[in-house]
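Dear colleague,

I am passing on the structure below and would be grateful if you could look through it alongside the notes that follow.

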Amino acid sequence: MSNEQDKALHKKRMQNQKEKVDQRIAAAQEDKGLLLVITGNGKGKSTSGFGTITRAVGHGLNAKVVQYVKGGWECGERNLLEKNGVEFHVMGTGFTWETQDKESDIKAAQAAWSYSKTLLQDPSVDVILLDEITYMVTYKYIDLDEVLAALNARPKAQHVVVTGRACHRSIIELADTVSEVRPVKHAFDNGIKAQRGIDW
Ligand code: ATP
Ligand code: MG
């Protein structure tokens, strides 16, 4: 194939692709608050959730963050986003597998959930990140049916991002957009410490 033929073929392919994409864009008419789930065992769930919050704040939206599992470290996103008016509720205990105090973990989870519920009833809140909430459902620290009911009854235009491994299938069914992050490699497996600004 000559260079000219190759160029013409490429142009034709691109035109076809553009037509298809344009048709799909034209067909998508609905505006709606989305429920997004970022789950799976790979790295990138919370960073994706915080990326969405950052994107929303960049457009002047009212965003809130609830962190259901507090790490041992400070959180870079919190340092930045709080300065930009994003309110955080951080669960009072450390990693649940570190505290090993079920009663205090349940209390802290319930308090975080109670705050989340008020956000899920507030139409002035545009976007909510419920970071690591999936574990609270798995451990039954918060009630799945309550979570589903609150998500279902939230204001029509409100977006919610749920992150964490092993998201319950009922939340996945309810969601509009679901991504599963698959681990291909992780530096930690080669003895590399969690890096500031990358892992926390
Ligand atoms: P991140 O906050 O980096 O987006 P994540 O939310 O996808 O990660 P979590 O399970 O919440 O993943 O993990 C929290 C911490 O564990 C992060 O510091 C992250 O880098 C690290 N981590 C994530 N996935 C893995 C993995 N497969 N192996 C080892 N460490 C991981
Ligand atoms: Mg995470």
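Strands and their partners

Ile128 stands opposite Val160 in E5, and E4 and E5, which run parallel, are joined by four bridges; two strands count as paired if DSSP finds at least two bridges between them. E5 is also joined by four bridges to strand E1 (residues 35-39), again in parallel, and there the bridge partner of Val37 is Val162. Four of the five residues of E5 (residues 159-163) are buried, so this strand is largely enclosed by the rest of the structure. Here buried means under 20% relative accessible area, exposed over 50%, and partly exposed in between, with a 1.4 Å probe and protein chains only. Helices (H or I, at least four residues) and strands (E, at least two) are DSSP runs, numbered from the N terminus.

Please bear in mind that this is a predicted model, in which local features need pLDDT of at least 70 and side-chain atom pairs count only at pLDDT 80 or more, while totals for chains, interfaces and linings use all residues. Residues are numbered from 1 along each chain as its sequence is written, chains are lettered from A and ligands numbered from 1 in the order in which they are written, and side-chain values use heavy atoms, with hydrogens and water left out.

The magnesium ion (ligand 2) is coordinated by Ser46 (OG) and Glu132 (OE), at 2.1 Å, where donors are N, O and S atoms within 2.8 Å of the metal (3.2 Å for Na, K and Ca), and the site may look incomplete because water is not among the atoms. Ser46 lies in helix H2 (residues 45-58) and Glu132 in the loop between strand E4 (127-131) and helix H6 (133-138), 86 residues apart; both Ser46 and Glu132 are buried.

Best wishes
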